[in-house]
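Subject: Structure handover and findings

Dear colleague,

I am passing on the structure below, followed by an account of what was found in it. Please read the account with the structure open beside you.

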Number of protein chains: 2
Amino acid sequence: MHSPLPKIVIAGAGRIAWHLGRRLKGKGMPVAHVVSRTAAHARELAQTLGSDWSDDWAEAPADADWLLIAVRDDAIAAVGEALSAAMPGVLATHTSGATPGTVLAPFFKRYGVFYPLQSFSKERMPVWSKIPFCVDAADPSDILFLKKTAKVIGNLVYQVNDSQRAMLHVAAVFANNFTNHCFAIAEKLLDEHDLPFEMLHPLMEETLQKAIADSPARMQTGPALRGDTDTMQRHLSLLAGHLHWQTLYRNLSDDIRQEIEPSAGTDE
Amino acid sequence: MHSPLPKIVIAGAGRIAWHLGRRLKGKGMPVAHVVSRTAAHARELAQTLGSDWSDDWAEAPADADWLLIAVRDDAIAAVGEALSAAMPGVLATHTSGATPGTVLAPFFKRYGVFYPLQSFSKERMPVWSKIPFCVDAADPSDILFLKKTAKVIGNLVYQVNDSQRAMLHVAAVFANNFTNHCFAIAEKLLDEHDLPFEMLHPLMEETLQKAIADSPARMQTGPALRGDTDTMQRHLSLLAGHLHWQTLYRNLSDDIRQEIEPSAGTDE
């Protein structure tokens, strides 16, 4: 980057704040200040990043260039409002997939989104080169800055508007949370029958590899797709101890079947 | 193996018959005969395997040691019955996860199951070392033979009884078909908003790696787990064009929530 280093403030001290803060520092873009309502959290992250910290919104540095709001979705607006008085000229972005960028518009002239599309956990190091960064901003030069910054700390950068990002987030819930829940159900069923979950790992790997190599819609197999009602009936009886999973089994099977026979079912 | 090579017959000429037949041959256990109702299919597979073939059940060789029935689940019993007259002394096994071994008991004294737990496709070469073989038989020496054979062509071998295998198959539907359907829904949602499905690949990889490294139940994240009803409401509105997916979204979210708050919902 030809421009001088931006002065960066992170609001929040949760998982995303930790991961982004450390990555920015590691890539030569140190964070100047961490602000969080909980002093202990702000201090701990600030120590790791070698930055200042504060638990008082009014103490955020007025000359900051970029404010990265990495807090719970439902706190973004309140944190933005609280910080806007101290740093009116800053580019304020949040890191949420589910929240419109415009939620910051009432408080900042320069606002946007810096959303890393990945499920972060404390224990696992993110593979930054594989994380799609979805950026957007009201101002074209801010978009350019966010794209450049995403490219510095990652590899995959997309400009994604609010309505696209909202749908991306719904899709991510299906591809991550709901998929993971199907794994969890499988795990529990095996556990109840003294079978190790490891037995399914190769199938899970293969399912993913096929879905990535081609379209998952085209790679579908199984009793629902085949319309094999005998097998489906047997499966439903085996789920008799889990009525809620019977319902899921029926709904998912109906929907798989509908993909190939749109007239076979009706929407509820 | 110290024992002489078994004389192997495969009934069926579908995907599993092809993959198993070629693997057996490649590992020095050639298939002697392929029998299928469709002459062209039997001939084509037999040519690949360098074996005899027939489209007439009565022509199956009477001195065969092992009959591998690799046909549709709902045809196993009929094929077994049709072949039993020609080869009464054979060890007859099917390759189905969803069908009890005992379905062959009326027709053969020696019966069992040789079930490779994987989703086979024409285009992709199976990674044999990673496929769990689930074997079972009525006779202990037949179990031993099936275990040895599975070890020759694969690596992971489990003795799994009928009721365990039935549950394994239900679990596999959740871990494979239903997971894949969640991927397919995500793909469709992105496609409708001009976003490439590739954007979700890293998240899908990470979801799988977490579920394999730890328990998927413990690795869950997302709005349903957090009880973030605002986000869930927004997601449901975004799914307004897909009423059936709204239902899936609700059911899956309820169930994720129930895992941590068993009293919060009731089974239907």
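**An exposed loop residue**

B:Asp194 counts as exposed, with 8 C-beta neighbours inside 10 Å; here a residue is exposed if 12 or fewer other C-beta atoms lie within 10 Å of its own, buried if 20 or more do, and partly exposed in between, with C-beta atoms placed from the backbone. B:Asp194 has a positive phi of about 55° although it is not a glycine, and its place is in the loop between helix 5 (162–192) and helix 6 (201–213) of chain B. In chain A, A:Asp194 likewise has a positive phi of about 55°, and it is exposed, with 8 other C-beta atoms within 10 Å.

**Conventions**

The model is predicted, and local features need pLDDT of at least 70, side-chain atom pairs count only at pLDDT 80 or more, while totals for chains, interfaces and linings use all residues. Residues are numbered from 1 along each chain as its sequence is written, and chains are lettered from A and ligands numbered from 1 in the order in which they are written.

**The two chains**

Chain A is superposed on chain B by a rotation of 180° with 0.0 Å of shift along its axis, at an RMSD of 0.0 Å (by least squares on the C-alpha atoms of residues with pLDDT of at least 70 in both copies). That is the relation of a two-fold axis. The same surface serves both copies, since 100% of the contact residues of chain A recur in chain B, where contact is taken as C-beta atoms, placed from the backbone, within 7 Å. Of the residues of chain A, A:Thr179 comes closest to the rotation axis, with its C-alpha at 2.4 Å.

The contact takes 78 residues from chain A and 78 residues from chain B. On the side of chain A that touches chain B, the largest share, 24 residues, comes from helix 5 of chain A (helices are DSSP runs of H or I with at least four residues, strands are runs of E with at least two, and both are numbered from the N terminus). That side divides into 42 nonpolar, 22 polar and 14 charged residues, where Ala, Val, Leu, Ile, Met, Phe, Trp, Tyr, Cys and Pro count as nonpolar, Asp, Glu, Lys and Arg as charged, and the others, Gly among them, as polar.

**The interior**

The largest nonpolar core has 175 residues, and those with the most contacts inside it are A:Leu67, A:Ala171, B:Leu67 and B:Ala171; such a core is a set of buried Ala, Val, Leu, Ile, Met, Phe, Trp, Tyr and Cys residues joined through C-beta atoms within 7 Å. Leaving aside neighbours within four places in sequence, B:Leu67 is in contact with residues including B:Val9, B:Leu83 and B:Leu91.

In helix 3 of chain B (residues 76–84), the buried residues are B:Ile76, B:Val79, B:Gly80, B:Leu83 and B:Ser84. Seen down the axis of this helix, they fall within an arc of 130°, so they line one face (the arc is that of the directions from the helix axis to the C-beta atoms). Among what covers them are strand 1 (8–11), strand 4 (66–69) and strand 5 (91–94) of chain B.

Strand 7 of chain B (residues 132–137) is mostly covered, six of its six residues being buried. It pairs with strand 6 (residues 110–116) of chain B in the antiparallel sense over five bridges, and with strand 8 (residues 156–159) of chain B in the parallel sense over four bridges; strands count as paired if DSSP finds at least two bridges between them.

With best regards

How values were computed
Two residues are in contact if their C-beta atoms, placed from the backbone, lie within 7 Å.
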